[in-house]
Amino acid sequence: MTSALDEVLHAELLAVLQSINLGVLLLDSQCRVVFWNDFMAIHSGKDSDEVRGLVLFEVFPELPRLWVQKKMDGVFALQNLAFTSWQQRPHLFHFPGSRPITGLTEMMYQNCTFLPVIEAGVVKYVCLTISDATDIAAQQLELERLNQLLNEEKSEQARLIRKLEDAQAQLLQSEKMAAIGQLAAGVAHEINNPVGYVYSNFSSLSSYVEDLFGLIKTYQDAAAQHPDATLRTQLQQAEQTLDYDFLQKDMVDLLRESRQGLERVKQIVQDLRDFSHIDSGDWQMADLHKGLDSTLNVISNEIKFKAEVMKSYGELPLVQCLGSQLNQVFMNLIINAAHAIEQPGTIWLETGTEGDWVFVRVRDSGSGIAPEHLARLFEPFFTTKPVGQGTGLGLSVSYSIVAKHHGRLEVASELGKGAVFTVWLPRSQPPQPSPPEPG
Ligand SMILES: Nc1ncnc2c1ncn2[C@@H]1O[C@H](COP(=O)(O)OP(=O)(O)O)[C@@H](O)[C@H]1O
Ligand SMILES: [Mg+2]
């Protein structure tokens, strides 16, 4: 009775095993096939009878032999199951196109399990199951692809936003410079006239004072000869009360200092005029190397004790420019570099071309520029130097001169790592729009 039931059960279990949508293989310790089910027969094209007794690697030569062997040995020795997923080994078994796989997927993705089949406490067989994970894998791979696409788009967008921000910052900067330029031009014009006549009056005043002192000296000499002793004493007392000697000396000092102050004001006004290009010179085709060298000569006193100048000049074509104004730019950049150098350091001058552009680069081994200062560098009157040492006009003047040449003035710097200023200029200026036809 029991055995009849067993037989029925056995037959039904076998039917289930045969028809289950899962590859089932029974292997002995030599990796020989004991049995496989219909799934295996359909996908491999070989019947269970055909392969019984064959070593698995003969039937599937593509299998990674060492790896499978190790897995099998592990299961036999440890009596534990082993597993591998499609992410680790996508296509362990190369089934010849038996599955209606559509789309881009050409081979079945598989999850495989090595199960110990234990009899009387020892592993007798390994039951290897193979499940078809193609659908999940295809979906997940597609998701990953889309995700990557999204990420690429995201970083592209971030790049574009940065570019936009840069462009906006540049626009703001040039708008600001234009507005400040107009303001500076107005202020310079207003200050220029009064300073002009104060300066010229001052020269007359100085020479008058000199004349007056001369006259007083004559009186003093005459008085010293005077026979009336009371008068002589009176005059001496008057001189002492006034502290005449000090007054005379101090007056000369005051006049000299005031003249220096006035000259400084004149220089600032001149810088402002340059900055707002009230006076523009003539456009010429100039050799920038000559300009650089002559500028270096003019300022050699300022730099020779602080920095060694290293030149690395490339080939430069003649450049259409306002030569003297460009020299002023070079001067500002080089002097700034020298100011930034505390210990004896180096200033590098590099020139070269890139396409239709030429560049002049001034690099220094100085103190560098703080990030919060970088954005304000080109503003007029922005200076980090002590009162009386910096006017904060050098870079703003330079900026506007370069802009007038349709060029760019770039800066890169980090604190403690020196600074690099690069002047970019087009070889030739764009043609001016012709004036409208009369009539
Ligand atoms: N090569 C440089 N290294 C470090 N800081 C610099 C350099 N060039 C310019 N700067 C900074 O930019 C500021 C503005 O320069 P500038 O317009 O020439 O005015 P000024 O030299 O009168 O201060 C300087 O005060 C300084 O802080
Ligand atoms: Mg300066």
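**The ligand shell**

Author: A residue is counted as near a molecule if one of its heavy atoms lies within 4 Å of it; here ligand 1 has 19 residues around it, of which Asn336, Thr383, Thr384, Lys385 and Leu395 come nearest. This is a predicted model, in which local features need pLDDT of at least 70 and side-chain atom pairs count only at pLDDT 80 or more, while totals for chains, interfaces and linings use all residues. Residues are numbered from 1 along each chain as its sequence is written, chains are lettered from A and ligands numbered from 1 in the order in which they are written, and side-chain values use heavy atoms, with hydrogens and water left out.

Reader: Which helix gives the most to the shell around ligand 1?

Author: Helices (H or I, at least four residues) and strands (E, at least two) are DSSP runs, numbered from the N terminus. Helix 11 gives the most, with three residues, and helix 11 (323-340), helix 13 (394-404) and strand 12 (419-426) each supply at least two residues of the shell.

Reader: Which backbone atoms lie 2.8 Å and 3.4 Å from an oxygen atom of ligand 1?

Author: A polar contact is a pair of N or O atoms within 3.5 Å; within protein, one must be able to donate a hydrogen and the other to accept it, and residues adjacent in sequence count only if both atoms are side-chain atoms. A backbone N or O atom of glycine 392 is at 2.8 Å from a ligand 1 oxygen, and one of glycine 394 is at 3.4 Å, while a side-chain N or O atom of threonine 383 is 2.5 Å from an oxygen of ligand 1.
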